[in-house]
Amino acid sequence: MFRIPIVTKYLLLANIAAWLLCGVLQLSAGIDLNGALGLHYVLAPDFRAYQLVTYMFMHGGFVHLFFNMFALWMFGGVVERRLGTKRYIIYYMVCGIGAGLFQEAAQTGEFIVLCREQIPAFHLNELLTVAHNSAAILNLWTTVGASGAVYALLLAFGMLFPEQRIFIFPLPVPIKARWFVFFYAAIELVSAISSSGDGVAHVAHLGGMVFGWFLVRYFTKRENDFGFVRYKEIKPKMRTKETAEWDYNAAERDRQRQVDAILDKIRKSGYDSLSDEEKQKLFDNSK
């Protein structure tokens, strides 16, 4: 079994540690860390800009944490190996923040609807005043969890490995990753439109996928701009240190080409189609 790549491993540890810390502080000191670091509605008094990052590491309970971390472990490692460390960090964080922004927009729409239902002749220019008067209620609108970023990883997996087959319970046969992603996106879209009030941030999940779609397309079109070196003509009088650096970069570029070819083979034919040598190369690259 492959080792978990470095970023995915630390994301798993950070989320688990944050959940344990929340429990310890709640039991020992009555401190609600979710309330402080969860994402509050933008017009609520407790909203802070940094919550767009910290909310991704907060969770509402063990079950919430478990399923998010299982998905992160299942898809994150594969996506990290394909994108590389730098692009993977950018992807995860930007999609998580993007999911939070989508959730803020959805809550704004919900708040406007509530204002129009409760206040006769309500106008948008009164929104801030009503929000100030409703501070106690709006502070309860808090979003926590890594789900937005995790759904973005799910999308990236489907875009980068569309032919890879995945089992989905209770289906008796595996389906291709592209249909797996479409299935989950459709569920989230229907759930968001239906406004079922189940306490799940469906719009945030969709927001993570939307940001993920744009980022994957951007990364794949600009492959050399993130983690790879663009080559220029080497001057004849280049110093020894510079020459060594170019040789190293050339070797790294060749290694990455080999890894990409192996990943493409997995995408088309599955992991079992790899030779022992190819499996070893992929394993060595994951260290």
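Start by selecting helix α8, residues 147-160. Of its 14 residues, 13 are buried, so the rest of the structure largely encloses this helix. Buried here means under 20% relative accessible area, exposed means over 50%, and partly exposed is in between, with a 1.4 Å probe and protein chains only. Helices (H or I, at least four residues) and strands (E, at least two) are DSSP runs, numbered from the N terminus.

Keep α8 on screen and check its length. The end C-alpha atoms are 20 Å apart, which agrees with the 20 Å that 14 residues should span at 1.5 Å a residue. The expected span is 1.5 Å times one less than the number of residues. A handy rule while you look: an α-helix has 3.6 residues a turn, so residues three or four places apart point the same way.

A quick word on what you have open: this is a predicted model, where local features need pLDDT of at least 70 and side-chain atom pairs count only at pLDDT 80 or more, while totals for chains, interfaces and linings use all residues. Residues are numbered from 1 along each chain as its sequence is written, and side-chain values use heavy atoms, with hydrogens and water left out.

Next, click on H59. You'll find H59 in the loop between α3 (51-54) and α4 (62-83). With 3% relative accessibility, H59 counts as buried. Now show what H59 is in contact with (heavy atoms within 4.5 Å). Leaving aside neighbours within four places in sequence, the contacts of H59 include W19, N34, M69 and V144. Draw a distance too: a polar atom of the H59 side chain lies 3.4 Å from the backbone nitrogen of A146.

Hop over to T143, in strand β2 (residues 142-143). T143 is buried as well, at 7% relative accessibility.

Time for the rings. The structure holds 18 aromatic pairs. Rings of Phe, Tyr and Trp (its six-membered ring) pair if their centres lie within 6.5 Å; planes under 30 degrees apart count as stacked, over 60 as edge-to-face and the rest as tilted. Select Y41 and F111: their centres are 6.0 Å apart and their planes at 65°, so this pair is edge-to-face. Because Y41 lies in the loop between β1 (39-40) and α3, and F111 in helix α5 (residues 85-118), the pair ties together parts 70 residues apart in sequence. Both Y41 and F111 are buried.

Then try F102 and F211, an edge-to-face pair at 6.1 Å centre to centre, with 80° between the planes. F102 is in helix α5 and F211 in helix α10 (residues 202-221), 109 residues apart. F102 is partly exposed at 30% relative accessibility, and F211 is partly exposed at 27%.

Last stop: A121, in the loop between α5 and α6 (127-133). Is A121 buried or exposed? At 64% relative accessibility, A121 counts as exposed. Look at its backbone as well: phi of A121 is near 55°, a positive value in a residue other than glycine. Most residues other than glycine have a negative phi.

Technical notes
A polar contact is a pair of N or O atoms within 3.5 Å; within protein, one must be able to donate a hydrogen and the other to accept it, and residues adjacent in sequence count only if both atoms are side-chain atoms.
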